[in-house]
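Here is my note on this model, as numbered points. Please read it with the structure open.

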Amino acid sequence: MIHIGKKLWRISMIITIFFFISHGENARAQTDSDPSPPEETIKLIFLHHSVGENWLADQQGGLGLALQENNYFVSDTYYGWGPDGIGDRTDTLDWPTWFTGPERDRYLDAVYNESSPNAAGYQYYSRTIADPGGENQVIVFKSCFPNSDLGGSPHDPPAPGDHLTVGSAKYTYNQLLTYFASRPDKLFILITSPPMQQINQPENARAISNWLVNDWLIENNYPHNNVAVFDFYNVLTHPDNHHRYNHGSIEHITSANSDTLYYDSGGDDHPNARGGQKATEEFVPLLNIFVNRWQADAPQTAPSSAPVQAETQESQPPQPSAQTDTMIDDFENGPIPGTDYWVPYRDEAAATSVQCLPTTGQAHQGTKSLQIDFNVLASSWASCELLFYTPNNWSSAGLQFYLRSSQAGLPFGLLFYSQLAGEDASSVIELETSHASVEEWELVTIPWELFSQQDSLVYPESGLGIAVVFAEASDGGDNLGTIWI
């Protein structure tokens with residue numbers, strides 16, 4: 001985590017960062033709703049607990065058998081599985097531990113390379129199809145039924161919290177998108193939490209499920225086809241409620257007046273076989289649609305996930321590339337190899353929030369820009385950072401970007417990281433949005449000498465990254481806004 005010593009500010013803006021050379025657009029391929037099974041066997045892993053176990057079982061929900069019949073090689077995780085027993089933790093608020101936490105890479109390496117059934121053995125779901133080899137390509141994950149009991153109110157906005165509410169659930173799911181966007185070579189499918197017979201505020205369970213299906217990706221301007229949602233909750237609330245492919249289109253029908261579990265197991269909150277089989281019939285064609293859409297624009301190889309190691313006899317500091325005067329990111333082509341892409345960080349001791357994702361809502365050139373939404377509380381901080389594993393030669397005249405903002409007078413900082421001969425360096429420039437940036441795109445040019453004047457050394461010939469940083473407002477209050485780059 002980066003610690004900023006200077007005073008920073010909150011802002012809302014969209015920025016397109018470049019070094020005097022622009023790149024062309026890259027239109028993302030789209031496909032129609034095709035429920036055909038994949039032609040080649042795909043490896044799928046299901047992260048779940050007991051409801052998932054029953055859903056997979058041949059004599060219960062029959063999901064494992066149906067997936068096999070549709071050319072999926074299925075593995076799963078269960079209680080006690082994985083490094084540190086991570087399989088025990090599948091509640092809604094646990095998912096950041098898997099996908100964005102400090103041990104993420106270790107946990108997900110195990111997820112991607114798991115090839116065994118772990119719920120209860122072969123007798124519970126069929127697996128006679130041959131293992132095609134390689135990593136799991138489709139990651140299906142689900143929390144158990146207690147997670148349909150959320151506090152708060154149906155229309156609460158995303159907000160961090162230690163207790164499960166509508167706001168904390170939205171915030172958690174939004175945070176996962178940063179990692180998902182960095183792995184377009186994987187397909188992530190969220191299964192909404194199943195209902196219970198008795199829910200304190202069933203309207204909240206209905207609200208979060210509807211939000212995930214209808215609004216989650218749209219609100220975040222998510223740019224890829226590698227995230228999808230199946231409304232398991234809705235399917236199990238009534239025979240007339242559906243999430244399915246029907247007569248050429250996808251239906252999400254929630255008209256029946258029921259927000260609790262209809263298919264109970266004789267008073268138990270685990271769905272019975274009829275409910276599981278209904279869910280299987282509706283999910284598998286949708287899964288095929290999700291897979292076909294994803295495969296239409298998925299990269300052929302995985303993005304770089306580790307620093308490149310130099311083949312030398314002695315340990316040497318990383319050497320900068322020969323690239324000069326080049327685009328850092330035009331936000332048109334997805335994650336950049338050799339990075340974790342744009343990652344938000346925040347003061348976890350406060351209710352500060354920050355999100356940064358490419359969006360099609362604003363653009364100076366091409367179709368996209370980086371949108372940063374932030375709400376930084378007093379005496380707190382947040383940042384949105386692009387860091388490279390190895391140095392880059394950015395020794396041009398300086399840094400340029402176009403900026404739009406939600407309002408004038410928003411303070412923010414631009415932080416530059418570099419490294420030379422094993423010495424790390426960083427320097428921050430304090431900026432503020434102008435009235436012009438509210439009305440139109442404003443060109444911002446920062447010579448490298450300006451960074452060096454901040455009592456810090458910078459090495460543009462060996463740049464490691466850039467961060468847009470925020471602290472409290474100049475009057476000491478909360479700093480809230482949006483910017484585009």
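This is a predicted model: local features need pLDDT of at least 70, side-chain atom pairs count only at pLDDT 80 or more; totals for chains, interfaces and linings use all residues.

1. The largest share comes from α1, with 3 residues.

2. By class it has 5 nonpolar and 5 polar residues, and no charged ones. The space inside is about 60 Å³.

3. How many cavities of 30 Å³ or more does the structure hold? There are 4. The largest cavity contains about 90 Å³ of space.

4. The largest cavity has 13 lining residues. Nearest its centre lie N147, Y173, S193, I208 and S209. The lining divides into 7 nonpolar and 6 polar residues, with no charged residue.

5. Which helix gives the most to the lining of the largest cavity? The answer is α6, with 4 residues. At least two residues each come from α5 and α6.

6. Helix α6 deserves a check of its own. It covers residues 202-214, which is 13 residues. The expected span is 1.5 Å times one less than the number of residues. For α6 that should give 18 Å, and because its end C-alpha atoms are 18 Å apart, the two agree.

7. Burial along α6 is next. P202, N204, A205, R206, A207, I208, S209, W211 and L212 are buried. Two of these, I208 and S209, are buried and are also among the residues nearest the centre of the largest cavity.

8. What covers the buried residues of α6? The cover includes the helices α5 (166-182), α7 (216-219) and α8 (232-235). It also includes the strands β5 (187-191) and β6 (227-230). Note that α5 is part of this cover and supplies lining to the largest cavity as well.

9. Now the largest pocket. Its volume is about 950 Å³. It is lined by 27 residues, with P96, T100, G101, Q175 and E348 nearest its centre. These 27 divide into 12 nonpolar, 9 polar and 6 charged.

10. Several elements build the pocket lining. At least two residues each come from α3 (95-99), α4 (104-113), α5 and β11 (343-346). The largest share is from α5, at 7 residues.

Key: Residues are numbered from 1 along each chain as its sequence is written. Side-chain values use heavy atoms; hydrogens and water are left out. Buried means under 20% relative accessible area, exposed over 50%, partly exposed in between (1.4 Å probe, protein chains only). Contact means heavy atoms within 4.5 Å. On a 1 Å grid over the protein atoms alone, a cavity is a set of points where a 1.4 Å probe fits but cannot get out, and a pocket is an open set with protein on both sides within 12 Å along at least five of seven lines; lining residues have an atom within 4 Å of a point. Grid points are joined across faces, edges and corners, and a volume is the space filled by probe spheres set on the points. Ala, Val, Leu, Ile, Met, Phe, Trp, Tyr, Cys and Pro count as nonpolar, Asp, Glu, Lys and Arg as charged, and the others, Gly among them, as polar.
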